[in-house]
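Work through the exercises below with the sequence and the structure at hand. Each task is followed by its solution in steps.

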Amino acid sequence: MQQSAETLTSTCIDRRKFLSGLGAAGLMATLPSYLLAEDKAAPILIRGASVFDGVSSKLVDAEVLIEEGMISGMGQRLAVPQGATVIDAEGRTLIPGLTDAHTHIMCNDTFEKLIYSAPHEYAGVMAAEGARRMLLRGFTTIRDVGGPAFGLKSAIDAGVIAGPRILPSGYFLSQTAGHGDFEPRLYYLSPHFTGQLDPAYLRGWTIIADGVPEVRKAAREALRYGATQLKIMGSGSITGAHDPLDATEYTLEELTAIVEEARHWGTYATIHAYTDESSQNAIKAGVRSIEHGLFASEKSMQLMKKNDIFFSTQFLSFTIGAEKAGMTGPAIPKYEEAQAGATAGYERAKKIGLKMAFGTDILGSIELGPYQSLEFTARAAYYTPL
């Protein structure tokens with residue numbers, strides 16, 4: 001039965017005792033009272049739900065038993081352990097915990113505010129509340145692709161606060177004037193030449209590194225801090241302070257050095273890449289996952305497929321419109337250009353049959369969080385629900 005449980009949950013849930021693999025559509029109204037219970041290690045038996053196992057489109061009517069933070073049984077008329085909490089889920093659907101493979105749990109306001117003006121505790125408190133809400137939307141694991149999420153991760157792992165398991169990248173690795181260069185002033189005292197302290201570095205957001213020796217050191221610093229994967233800023237962006245949308249960032253030599261450092265550490269690098277050139281460079285360098293890839297050509301996508309590279313793009317982020325996405329000022333025309341590229345990119349990816357990651361890239365106001373779940377709706381234009 002343990003093997004069946006692992007099939008149901010997809011991943012082994014062992015860090016928090018309060019949810020244990022449940023991303024239950026329709027069960028969220030029941031869960032908060034349990035999250036407040038003192039004995040979070042008590043067994044839970046869920047009865048009456050139709051169970052989606054993540055493999056077949058056919059729902060199974062079964063009871064699910066959770067013990068010691070693991071799904072230990074699934075079937076009919078399971079024995080109720082002493083002290084178990086029994087949840088009546090009649091008429092509802094139980095699904096495995098969801099994973100968001102592209103999110104930024106710390107980004108609940110503008111980068112300018114979070115890095116340069118707000119007290120550091122502001123970002124932490126907002127992220128903690130965002131993590132709680134994300135868990136109650138059914139997301140039990142996230143790949144956090146940039147931002148100082150290590151403290152939040154530690155608190156969640158310790159069971160002190162509620163939130164999803166976090167796989168953090170930590171520092172963005174960015175060239176000068178790249179997507180991770182968030183300093184808004186055109187005239188400033190460069191940390192490189194003047195020895196000034198860089199708030200983006202001090203607060204754990206970005207390491208600005210140029211040239212092969214610097215990017216090697218930056219990659220090693222990120223890994224030293226606990227990154228589970230490295231995040232490279234490899235092209236222009238919509239929200240960048242300085243870079244135009246069609247800029248290609250980092251040379252092939254720099255990218256190759258970062259990828260090599262990740263490989264030495266037994267992990268991989270992922271890259272923010274909009275332009276086709278940045279996608280091609282990433283493929284040649286050995287990056288394992290391309291984020292966004294809005295203007296990747298059919299040739300680049302064929303290479304992704306050949307090299308077993310994941311295409312981690314977001315459907316909802318580029319379909320809801322600039323205003324709903326929280327875009328302002330110069331970001332609006334860049335967003336609209338990206339939106340057009342995204343639609344063509346989705347069609348190519350579907351035709352070629354790329355491996356797709358499920359990610360949302362919801363960032364900005366904490367009130368935008370509920371859009372995360374609508375990523376499923378946005379993908380329905382290209383894929384079946386299963």
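**Exercise 1.** In which strand does H292 lie? Then decide whether H292 is buried or exposed, and describe its phi.

*Solution.* The model is a predicted one.
Step 1. The strand that holds H292 is β16, residues 289-292.
Step 2. The cut-off for buried is under 20% relative accessible area. H292 has 2% relative accessibility, so it counts as buried.
Step 3. Phi of H292 is near 80°, which is positive although the residue is not glycine. Most residues other than glycine have a negative phi.

**Exercise 2.** Give the strand order of the open sheet of 3 strands, and find its edge strands.

*Solution.* 
Step 1. The order is β9-β10-β11, and the pairing is parallel.
Step 2. β9 (98-103) and β11 (165-168) each pair on one side only, which makes them the edge strands.
Step 3. From one strand to the next, the twist averages 15°.
Step 4. For the pair of β10 (residues 139-144) and β11, the parallel pairing extends over 4 bridges. In β11, L167 is the residue opposite R143.

**Exercise 3.** How many residues does the largest nonpolar core have, and which have the most contacts inside it? Which element gives the most to this core?

*Solution.* 
Step 1. The core has 52 residues; L230, I238, M304 and F318 are those with the most contacts inside it.
Step 2. Elements that each supply at least two residues include the helices α8 (212-225), α9 (252-264) and α11 (298-306), and the strands β14 (230-233) and β15 (269-273).
Step 3. α12 gives the most, with 7 residues.
Step 4. In soluble globular proteins, nonpolar side chains tend to be buried together.

Technical notes:
Residues numbered from 1 in each chain as written. Predicted model: local features only at pLDDT ≥ 70, side-chain atom pairs only at ≥ 80, totals over all residues. Heavy atoms only, no water. Buried < 20%, exposed > 50% of the residue type's maximum accessible area, 1.4 Å probe, protein only. Pairing = 2+ DSSP bridges. Axes fitted to C-alpha atoms, helices over the stretch in contact; angles between N-to-C directions. Core = buried A, V, L, I, M, F, W, Y, C linked by side-chain atoms within 4.5 Å.
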